[in-house]
Amino acid sequence: MLCARLALEAGRPVSVDALVDGLWGEDPPAEAGNALQSLVSRLRRALAGAARVESAAGGYRLTADGVLEVDAARFEELAAEGRKRCAEGRYDEAAVVLREALGLWQGEALADVREAPFAAAVVTRLDDLRLAAAQDLFEAELRLGRHAEILADLGTAAAADPLSERLAELRMRALWAAGRQSDALAVYEEIRERLADELGVDPSTGLREIHLALLRGELERPAAARPQTAANRLPARLTTFVGRERELSQLAALMAASRLVTIVGPGGAGKTRLSVEAVGRDRAQERGRVWFVPLAGVGAPGQLADAVLGAVGSTDGGLYDAGRTQGAAPVDRMAELLDIGDAVLVLDNCEHIVDAAAELVGQLLQLLPQLRILASSREPLAIDGEALCHLGPLDVPAGEPEPAEAARSAAVRLFVDRAESVRPGFTLDHATVGAVVEICRRLDGLPLALELAAVKLRSMGVDQIARRLDDRFRLLTSGSRTALPRQRTLLAVVEWSWDLLDEPERTLARRLSAFPGGATLAALEAVCADAALAADDILYVLDALIEKSLVDSSGTDGGEPRYRMLETVRAYAATRLGASGDDLTGPFAQYFLALAQEHEPRLRTGRQLEAIAVFDAEHPNLVHALRSAVDAGEGDLAARFVGALSWYWGVRGMSAQLDSALAGLRALGGGPRRARLLIEDVDSAGAREFHTAGLFLRISQLAVSDDEPESPADRLARSLRSSDPWVRAGAHLAYDFALTEQGDLRTGEASRQAALRGFEEVGDRWGLVMSLLPVGRDHSLRGAYAQAIATFERVVALSSELGTDDYLDLGRVRLARERRRSGDLAGARRDLEWAQGQARERGHRRLEANIVAGLANLHRREGDLAGADRVLDALESFVRSRSIPEELARDLIVSTRMENRLAAGDAAGARALLPEAAGGLLAQGAGAGLAWVAELLGGLLALEGDPAGAARALGMSQVMRGAFDAGEPELRELVERLEGRLGEREYRTAFGEGAALARADALNRLAEEVGRPVSS
């Protein structure tokens, strides 16, 4: 955070006061100067010489030995320069500069420090500049006559900012230039209606004038693209080019600095199209000095020279062997023809003749100092001076994005663009977004595969395509008839690469397909090695597969490399594995069971993060081994896997995985004794009465023990006496949880503290999170806001280290709730908006219910009841549109709506909502939920003129939860009103009557009051 604040000043000093204000805002620590100095010291150690933090002018500045390069500052410079050149009419230069500026963006601005007080204004400014730069680039491209190339991106930008009049104007002009006058007029009508409906205003004078010129057919057409000084030798571009902005910027920089650039990537990644697009923007193309040589049809190395001379020698219609070049060696004839100064030779698809291509390129670069060569291949040419542009798949969206969010993904934009061509009227909306995102993910964002899938919309729906991707090679067979044979089907694309492998490479490639989660070198050596493939050779064979773009290596920054295939390549390799007769099932299960059992105990120690990282990386492989054991009827092996995985699933909140695994064990029938004990223990009536820790602990014990199951009470008593501090801490946590759910907070108080101390001792972050949550709740109920906020801040920090989204979001929501209760409404909003942004960025939209309810409570506290209802309306619409089970959010939505009605003084509206609001909470039986029902009832009775009944209801909330919520300001205000009407003594008497009820009696009384009897 400090580094980001200093970096934003690009070497200029920042005063101490400005830093304190930027880092802590309105809530600086008591010794702010010392705290800042401590941060500076930590930052200096972390920078380790890469840059320096220097004291200067009453503050600090960030410097480096060379030029301190800050992307934000560089972006602002380039954006301003691009806009200036646009204003001067130098549109070609402006387009180059603006593309470079936008290429600096790698995600959201200040993504890692957005919660910092200084960040909000900076993020807003940078986002505004980014939008303006993008629009300036559209303007420049349009002025250069490239309207066809920007139409798709213009549509995406307009969908994200539908009220932008400048984008509407640019779209109208681009559509007009493309001969689509009716579509241009439709754009005007769309934004006119939006402006009227949402802002109550008319379009600007400028936009109305554009509309009028359109109607009259008088709108100025952009200048045609600059004519070439010689024939265009590039292949015709028959479709729009989508995405790859970063790669185009990278190629422009590489081609300016290196004479040989090779685009390296897997088949179908779009290497040819990218090379055509890149050289089409190069300065040499404007002079007619670009030659494109397609090599895919060259059958042998000896034909390479003829292919190059056939392309180069046809200049001005002459033959390459005419005139004075006749009789010279082929490379000399090429050199004479290309000796014209700065020129670019494109050699496309070199992989099948890579040695011959490398030799020819080396000779040409020696002979022609001004020649530049752009090659494309599935492996590098591997000669001196070669610069590589690695081309992977297009980016795909994460989670479950909304249509506008999904449309930011280049893979989605490409699929939608091709889909619109095949099926006019196809749109990305709530009905199609799920299937489109699934297609893009399962096809790895591979452009050719996405285009082949889009073609299937001629005869199938998008959902039908998504469901049939398990048989992708049969499905994706309808490529262009004019394409090369190896590009007409997905199978042909992969087979072309496979046929270029030698036997050891094919052996390892097909065996690597057995690892759905990829593999480390150690795993490959343990599972794949045999007489045909020595363990010592595997690393070298892997290197060859990586060079040939069939295997990808990741995680090499100080960690162990991980090797994996694109899913399409893996699917093909799996068919070859099945045909080969190689059986890796035994060694695969043996290796991964041993790995899981080695790291499982570490999940409950200070090495927890290390163990979680292993389980995270290997989870697909572990689950695959488990399912294989179940499918083979090996119950004992399957039970061992469940035992080794169960605690990891608990820490990660993956209860669905446990349920699925137990269902698999049940399907084995009688099965081994270990499996029977595991199922019986989990299914026992008392097993789920205790906290999750107790259940998962027992599962882990059963996985390695043949003891008969104990009762929950006996197990708890034994665990509380254990010599293992982690077992004792877990038992205390379980004991306290059971008491809390019975409305007894006092008895378990010592256990809460004991659990916290125990987990601190062993270093278990998950246990600390689970222990801190009830401790923070205790502070919150007492109204000890500072202690509660500090506790929940620690929950957030620990959950962030764990990388567990559920607990991180829960911690943020609890923290925001506590800030609201304390009166820090701005801080609460900051936390909630951060949590909502993270949920959307990760695609975890189902986690938003608690966040939205928190926003509704915040609006209500600010006196904005309409805003509170609006966010709940939006949540209900989202739940319906995404087919999420409504009961997941219903109780929260209805109960919060009732709170809004109570705040509005609408007794009739609140009474109408009470049965539904209380029904789900009563059915769940959780102490906090039951207390909420009592509090809602108390607020309603107060409105209805029954202050004594309201006081008794609040007393019953104490019975349900174990304590009255003295930290909630709305409840405190309600108590003050009741005391004002009853008098303090009568209020306490009525409150005491409710608080004196036995829990069962209080529950029945609540149920009767709300009209929802509780089943016995």
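This is a predicted model: local features need pLDDT of at least 70, side-chain atom pairs count only at pLDDT 80 or more; totals for chains, interfaces and linings use all residues.
At what angle do helix H37 (residues 765–782) and helix H38 (residues 785–802) pack, and how far apart are their axes?

**View 1. The packing of helix H37 against helix H38.** Helix H37, spanning residues 765–782, and helix H38, spanning residues 785–802, pack at an angle of about 160 degrees, and their axes lie 9 Å apart. Because angles over 145 degrees count as roughly antiparallel, H37 is described as roughly antiparallel to H38. The crossing of these two helices, H37 and H38, is left-handed. On the H37 side, the residues that meet H38 include Trp766, Val769, Leu772, Leu773 and His779, while on the H38 side the residues that meet H37 include Ala788, Phe792, Val795, Leu798 and Leu802. When the residues in the contact of H37 with H38 are sorted by class, 11 are nonpolar, six are polar and four are charged.

**View 2. The packing of helix H24 against helix H27.** Helix H24 (residues 503–512) packs with helix H27 (residues 567–580) at an angle of about 105 degrees, the axes being 7 Å apart. This angle makes H24 roughly perpendicular to H27. Ala509, Arg510 and Arg511 are the residues of H24 that take part, and in H27 they meet Ala573, Arg576, Leu577 and Ser580. By class, the contact of H24 with H27 comprises three nonpolar residues, one polar residue and three charged residues.

**View 3. The packing of helix H46 against helix H49.** Helix H46 (residues 947–961) and helix H49 (residues 999–1010) pack at an angle of about 130 degrees, with 10 Å between their axes. At this angle H46 is oblique to H49, and the crossing of H46 and H49 is left-handed. Met956, Val959 and Met960 from H46 meet Arg999, Ala1002, Leu1003, Arg1005 and Leu1006 from H49. The contact of H46 with H49 has six nonpolar residues and two charged residues, with no polar residues.

**View 4. Trp647 in helix H30.** Trp647 belongs to helix H30, which covers residues 635–652. Since buried means under 20% relative accessible area, Trp647, at 1% relative accessibility, counts as buried. Leu603 stands 44 residues from Trp647 along the chain, and the C-alpha atoms of these two residues are separated by 7.6 Å.

**View 5. Gln370 in the loop between helix H16 and strand S7.** Gln370 is placed in the loop that lies between helix H16 (354–367) and strand S7 (371–377). With a relative accessible area of 52%, Gln370 is exposed. Leaving aside neighbours within four places in sequence, Gln370 is in contact with Arg259, Gly341, Asp342 and Ala343. The C-alpha atoms of Gln370 and Ile340, which are 30 residues apart along the chain, are separated by 8.4 Å.

**View 6. The protein chain as the setting for the close-up views.** The protein chain contains 49 helices and 10 strands, and of its 1016 residues 51% count as buried. Among contacts in the protein chain between residues at least 6 apart in sequence, 67% join residues at least 24 apart. The accessible surface of the protein chain comes to about 44,800 Å², and carbon and sulfur atoms account for 49% of this surface.

How values were computed: Residues are numbered from 1 along each chain as its sequence is written. Side-chain values use heavy atoms; hydrogens and water are left out. Helices (H or I, at least four residues) and strands (E, at least two) are DSSP runs, numbered from the N terminus. Buried means under 20% relative accessible area, exposed over 50%, partly exposed in between (1.4 Å probe, protein chains only). Contact means heavy atoms within 4.5 Å. Accessible areas come from the Shrake-Rupley method with a 1.4 Å probe; for residues, only the protein chains shown count as cover. Axes are lines fitted to C-alpha atoms, for helices over the stretch in contact, and angles run from 0 to 180 degrees between N-to-C directions. Angles under 35 degrees count as roughly parallel, over 145 as roughly antiparallel, 65 to 115 as roughly perpendicular and the rest as oblique. A crossing is left-handed if the near helix is turned anticlockwise from the far one by less than a right angle, and right-handed if clockwise. Ala, Val, Leu, Ile, Met, Phe, Trp, Tyr, Cys and Pro count as nonpolar, Asp, Glu, Lys and Arg as charged, and the others, Gly among them, as polar.
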